[in-house]
Amino acid sequence: MSTELSTIFELQPLPMKSSPGALPPIELHLRRPASALRDPLLGLQLFDQLCARSAVVIRGGGRLSLPEIGAIADSVFARQPAYDTKEHPELDVSSGLYAPVKFAPEEELLWHHEDTFNETWPEYIMFCSATVPEWGGETSIVDGRLVLDSMSRDVVDVLREFGITYERHVDGRAGRTWQQLYGTSKKEKAIAHALSRNEKLSFVTADSAVLTAHRPAFKRVGEKESWFNQLLHWHYAALPKDIRKLVEQGHIPIYRFCRYGNGGEIDPRSVEQLVEAHRDVEHVVRWAPGDMVFLNNAVMSHGRRPYRGKREHVVRLAGVGRSH
């Protein structure tokens with residue numbers, strides 16, 4: 001860490017497992033008010049640390065307004081375009097800030113690399129805690145390079161050759177409509193938009209359509225590959241047990257599904273192995289108001305523990321990666 005950073009932060013190692021040979025993530029504790037983070041030169045140094053280490057945690061920000069959080073994000077991501085997934089609720093349009101996608105607080109949100117089922121995805125993510133719940137709500141992060149190293153070679157070989165095919169119903173019953181996704185109510189335009197994103201939009205009825213997309217399962221980062229997908233968000237075997245049972249019995253339709261890119265089914269046992277691979281190397285971030293986590297989305301997946309009470313988080317996405 002540079003001399004300039006050491007005058008503003010106290011450095012502590014982040015006690016998480018990371019890929020051998022890679023610089024480990026760091027945790028920085030502010031010695032000064034959070035307003036110091038808005039300095040452009042400091043922002044560039046923090047971004048350099050993020051690129052080198054893939055995860056940077058900043059502690060001690062205290063209560064921050066949305067404009068203050070946006071200014072800090074602008075400083076760190078000064079050279080990166082803002083990214084909008086079209087899935088996150090907007091908090092402050094002028095600052096490019098969003099809330100997390102809604103998910104049942106009593107359930108664990110499993111690890112995922114943001115938006116990797118799409119043709120484009122954010123390269124970097126910032127989370128900032130505004131309100132901490134009375135219990136739970138921690139964010140868990142995982143080095144995808146370690147996950148890939150621990151997976152069955154048979155599964156890895158198929159995924160490396162064929163990738164993953166994602167399929168979802170876009171009728172608004174469990175997520176967004178095709179009109180929202182493509183910004184048009186005209187089917188022909190929506191189909192054309194889908195093709196431009198290497199997707200296929202197939203209409204089942206006048207209002208219901210199925211979106212199919214073939215994406216890679218891994219991402220090369222430097223000299224290594226990283227696990228890089230949303231298999232745990234799309235495969236029914238990763239659903240909470242009660243919901244999974246209803247799906248398997250045919251009582252609830254599957255609105256999202258994924259399979260191998262060659263059409264083969266992904267064995268539920270492989271999904272269970274994947275959950276354990278993440279669990280073995282996850283680092284759990286316990287929040288205080290104003291804490292921030294910066295992640296390289298190509299390397300670090302993230303999840304969320306169940307919680308009780310009010311939990312408010314702010315999300316900023318930056319940079320544009322492409323799957324093809």
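**Close-up views of a predicted model**

**View 1. The second largest pocket has a volume of about 280 Å³.** Of its 17 lining residues, Tyr83, Lys86, Asn118, Thr120 and Arg197 are the closest to the centre. A pocket here is an open set of points on a 1 Å grid over the protein atoms alone, where a 1.4 Å probe fits, with protein on both sides within 12 Å along at least five of seven lines; lining residues have an atom within 4 Å of a point. The volume is the space filled by probe spheres set on the points, which are joined across faces, edges and corners. This is a predicted model, in which local features need pLDDT of at least 70, side-chain atom pairs count only at pLDDT 80 or more, and totals for chains, interfaces and linings use all residues. Residues are numbered from 1 along each chain as its sequence is written, and side-chain values use heavy atoms, leaving out hydrogens and water.

View 2. The side chain of Ser323 comes to 3.0 Å from the backbone oxygen of Asn118. Ser323 counts as buried because its relative accessibility is 15% (buried means under 20% relative accessible area, with a 1.4 Å probe and protein chains only).

**View 3. Ser54 has a positive phi of about 75°, although it is not a glycine.** Ser54 is buried too, at 4% relative accessible area.

Note on methods
Buried means under 20% relative accessible area, exposed over 50%, partly exposed in between (1.4 Å probe, protein chains only). A polar contact is a pair of N or O atoms within 3.5 Å; within protein, one must be able to donate a hydrogen and the other to accept it, and residues adjacent in sequence count only if both atoms are side-chain atoms.
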